[in-house]
Amino acid sequence: MRGRMRAGWAPYPLLALALAAAMLLALGVGSVRIDPTVVAEVVARRFGAGLDVSVFDDRIVWQLRMPRVLGAAATGAGLALCGAVLQSLTRNDLAEPYLLGISGGAAVGAVSVLVLGVSVAGVGAVGVGAGAFAGALGALVLVLGLAAGRTGALPPARVVLAGAAVGQICAAYTSFIVIMSGDHDAARRVLNWTLGSLAGVRWTGAVTLLAIVAVAFVLIMAYTSALDAFAFGESAAGSLGVNVRATRWTLLLVTALVTAGLVSFTGAIGFVGLVVPHLVRLVCGPTHRRLLPLSALAGAFLLVVADTLARSLVDGQEIPIGVLTAVVGAPVFAWLLRREGRST
């Protein structure tokens with residue numbers, strides 16, 4: 001029994017070490033290469049070690065790269081966490097954080113600021129983030145309003161269909177505005193935003209992203225037993241004492257708000273919330289007490305690595321991070337589908 005428990009918890013330190021190594025490497029990689037020992041000295045100095053480092057190294061590592069790396073880790077963890085919850089909640093293997101039309105709504109808000117010049121909470125990047133968050137919340141309200149029945153229930157199939165419908169409407173609006181504006185520079189900025197980027201994340205954004213994901217993790221972990229029960233269906237969950245309607249409403253709102261918050265800072269980053277939970281289930285099984293923390297760690301690791309590659313593969317140019325997650329995620333997802341097909 002003790003051997004099984006150790007084996008079940010073994011992936012935690014391995015993933016944590018891999019994430020720490022990836023973050024250390026990411027802090028030294030970029031247009032200016034910095035030795036890992038110098039990176040470690042800069043970080044240690046910030047924690048009171050009293051080491052002597054140059055102002056240049058300190059600025060590059062701590063002021064520019066550290067918030068971006070932390071933002072990538074938080075975003076990856078949040079997307080993977082939400083993906084795992086939605087897949088269990090809807091009993092849909094294709095569910096992921098943008099299933100509820102949130103990314104489409106965020107794109108509407110971002111495009112309205114970038115192209116039409118609508119100011120929500122300031123100008124420039126702050127305005128784009130605020131517009132994206134407002135658009136994501138608007139899409140969420142619309143989806144839940146369409147999906148909710150007269151009794152207030154949220155059937156999974158209706159939620160999926162409502163999310164798809166709202167997402168298509170938002171995509172049509174975004175395309176129409178970009179085409180009609182005739183502004184090629186605005187079109188380029190919209191494309192970059194929709195493909196995702198962590199280039200604009202600074203300390204305020206990083207701390208906000210970390211806070212969002214930390215609060216969401218604590219809330220969601222309180223529902224691990226309920227999520228396990230949902231695997232057997234709503235009737236079985238209800239017979240086990242789970243308040244099906246309240247649980248579904250609560251978790252849908254939490255995952256939607258988390259996704260809206262992440263999107264407002266990073267743009268739409270696909271495949272992380274779709275693929276990571278499936279891969280983690282292969283290792284630890286479906287029990288959510290292990291699945292959720294491991295998904296968060298794996299998602300953080302994946303996005304830190306993807307962001308590091310995005311800003312280092314091509315000299316003088318940054319690849320949209322959504323392109324890299326799609327390049328990695330699509331083949332992995334195809335392999336998972338093939339694997340499931342062989343087992344049925």
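At what angle do the axes of helix H4 and helix H14 cross? In this predicted model, H4 covers residues 55-90 and H14 covers residues 288-310, and their axes cross at roughly 140° and come within 7 Å. That angle makes H4 oblique to H14, because only angles over 145 degrees count as roughly antiparallel. The crossing of H4 and H14 is right-handed.

The residues that meet can be listed for each helix. From H4 they include Ala72, Ala73, Gly76, Ala77, Ala80 and Ala84. From H14 they include Leu292, Ser295, Ala296, Gly299, Ala300 and Leu303. Taken together, the residues of this contact divide into 14 nonpolar, 6 polar and 2 charged.

Another residue to look at is Met221, which lies in helix H9, residues 203-221. Met221 has a relative accessibility of 21%, so Met221 counts as partly exposed; the cut-off for buried is under 20%. Setting aside neighbours within four places in sequence, Met221 is in contact with Arg289, Leu292 and Pro293. Met221 and Arg289 are 68 residues apart along the chain, yet their C-alpha atoms are separated by 7.2 Å.

Helix H12 gives a check on helix length. H12 runs over residues 244-266, which is 23 residues, and spans 32 Å from its first C-alpha to its last. This is close to the 33 Å expected at 1.5 Å a residue. After H12 comes Gly267, with a positive phi near 80°.

How values were computed: Residues numbered from 1 in each chain as written. Predicted model: local features only at pLDDT ≥ 70, side-chain atom pairs only at ≥ 80, totals over all residues. Heavy atoms only, no water. Axes fitted to C-alpha atoms, helices over the stretch in contact; angles between N-to-C directions. Helix = DSSP H or I, 4+ residues; strand = E, 2+ residues; numbered from the N terminus. Parallel < 35°, antiparallel > 145°, perpendicular 65-115°, else oblique. Left-handed = near helix turned anticlockwise from the far one by under 90°. Contact = heavy atoms within 4.5 Å. Nonpolar A, V, L, I, M, F, W, Y, C, P; charged D, E, K, R; others polar. Expected span 1.5 Å × (residues − 1). Buried < 20%, exposed > 50% of the residue type's maximum accessible area, 1.4 Å probe, protein only.
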